[in-house]
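Dear colleague,

Please find the structure below, together with its sequence. My notes on the findings follow, and I would be grateful if you read them with the structure open.

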Amino acid sequence: MSTLDKTKTRYNKLQKRLRREMGQAIADYNMVEDGDRIMVCLSGGKDSYTMLDILLNLRNSAPINFEILAVNLDQKQPGFPEHVLPEYLQSIGVPYHVIEQDTYSVVTRVIPEGKTTCGLCSRMRRGALYAYAEDNGFNKIALGHHRDDIIETFFLNMFYGGQLKAMPAKLKSDNAKHIVIRPLAYSREKDIAEFAELKGYPIIPCNLCGSQENLQRVQMKNMLTQWDKDFPGRVETIFNSMKNIKPSQLLDRQLFDFETLSQTTEAKVTNEFQPVIFPAMSASKQS
């Protein structure tokens with residue numbers, strides 16, 4: 001088999017895997033419904049490019065109709081190549097909108113040099129995106145976080161925040177006006193990175209925070225990478241554990257009624273989760 005044939009075979013396998021995983025995530029969490037207007041947040045990184053690509057691919061064979069608009073936030077970072085995303089999106093025929101908001105100047109003015117900028121930057125970015133979605137009638141906001149992001153966030157919150165929480169595949173915003181979905185929730189970063197390389201996406205680096213090697217998230221990523229190398233399968237087990245929670249085996253009194261638990265009473269989960277089924281797009285249709 002020639003090198004070209006091997007590359008094509010690898011590309012087809014990756015695309016099929018990412019389709020299957022996204023289709024399963026959409027089905028498991030009822031992310032997409034008929035008539036949805038989905039704002040796909042495109043940063044110019046490998047994750048959001050792949051999310052848009054696979055979501056468009058799934059839409060072509062989905063038994064439902066939903067609208068997709070690619071939206072980028074131009075944060076006015078010095079040297080940002082503002083022509084790259086419009087040219088790419090025009091080339092593939094995807095409708096798009098660029099929000100221009102100078103969050104860069106605010107972040108660099110408020111955050112001391114050398115300190116982590118991600119917290120303030122992400123809050124301002126989220127606010128701008130939420131406002132645009134509300135003003136233009138988009139009921140779903142799609143973000144490109146993948147499985148590794150979710151696991152890293154889990155350990156960040158546990159190690160530094162004293163909480164067991166991560167990034168949900170689907171959530172309602174604090175003001176209850178937006179539904180945020182993460183279609184890549186089941187996909188591995190290394191698969192996304194390889195797929196993006198094969199696709200040749202015009203990647204735009206984040207010059208604001210991309211070079212901050214002292215970030216706690218970088219430490220979590222390094223830890224998980226080492227675990228994956230030394231103990232194959234451990235990271236997958238950790239991710240699966242987040243979908244198999246036993247409140248009675250932890251210590252949170254708000255989730256389980258320990259107070260009335262006795263030999264004569266049966267305590268109940270106080271915040272019982274009811275799974276949402278998405279019948280319109282089964283994973284089997286995506287294989």
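**Findings on the helices, the sheet and the cores**

Helix α3 lies across strands β2 and β3, and its direction is at about 170° to that of β3. Please bear in mind throughout that this is a predicted model.

Helix α3 spans residues 84–91, and its buried residues are Val84, Leu85, Pro86, Tyr88 and Leu89. These buried residues pack against helix α2, strand β2 (67–74) and strand β3 (96–100). Just after α3 comes glycine 93, with a positive phi of about 70°.

The strands named above belong to an open sheet of 6 strands, arranged in the order β3-β2-β1-β4-β6-β5 with mixed pairing. At its edges are β3 and β5 (170–172), each of which pairs on one side only. On average, neighbouring strands of the sheet are turned by 25° against each other, direction ignored. Within the sheet, strand β1 (residues 37–41) and strand β4 (residues 140–142) run parallel and are joined by 3 bridges. Methionine 39 has isoleucine 141 of β4 opposite it.

Helix α2 lies across β1, β2 and β4, and runs at about 170° to β2. How do α2 and helix α7 cross? The axes of α2 (residues 46–61) and α7 (residues 189–199) come within 9 Å and cross at roughly 80°. Because of this angle, α2 counts as roughly perpendicular to α7. On the α2 side, Lys46, Asp47, Thr50, Asp53 and Ile54 take part; they meet Glu189, Ile192, Ala193, Phe195, Ala196 and Lys199 of α7. By type, the residues of this contact are 5 nonpolar, 1 polar and 5 charged.

In soluble globular proteins, nonpolar side chains tend to be buried together. The largest nonpolar core here has 51 residues, of which Met22, Val32, Val40, Leu52, Ile151 and Phe155 touch the most other members. Helix α2 supplies the largest share of this core, with 7 residues. Which residues does methionine 22 touch, leaving aside those up to four places away in sequence? They are Met51, Ile54, Leu55, Leu58, Pro183 and Leu184. There is also a second, separate core of 15 residues, which includes Cys41, Ala128, Leu129 and Tyr130.

With kind regards

Key. Residues are numbered from 1 along each chain as its sequence is written. Side-chain values use heavy atoms; hydrogens and water are left out. Axes are lines fitted to C-alpha atoms, for helices over the stretch in contact, and angles run from 0 to 180 degrees between N-to-C directions. Helices (H or I, at least four residues) and strands (E, at least two) are DSSP runs, numbered from the N terminus. Angles under 35 degrees count as roughly parallel, over 145 as roughly antiparallel, 65 to 115 as roughly perpendicular and the rest as oblique. Contact means heavy atoms within 4.5 Å. Ala, Val, Leu, Ile, Met, Phe, Trp, Tyr, Cys and Pro count as nonpolar, Asp, Glu, Lys and Arg as charged, and the others, Gly among them, as polar. Buried means under 20% relative accessible area, exposed over 50%, partly exposed in between (1.4 Å probe, protein chains only). A nonpolar core is a set of buried Ala, Val, Leu, Ile, Met, Phe, Trp, Tyr and Cys residues joined through side-chain atoms within 4.5 Å. Two strands pair if DSSP finds at least two bridges between them.
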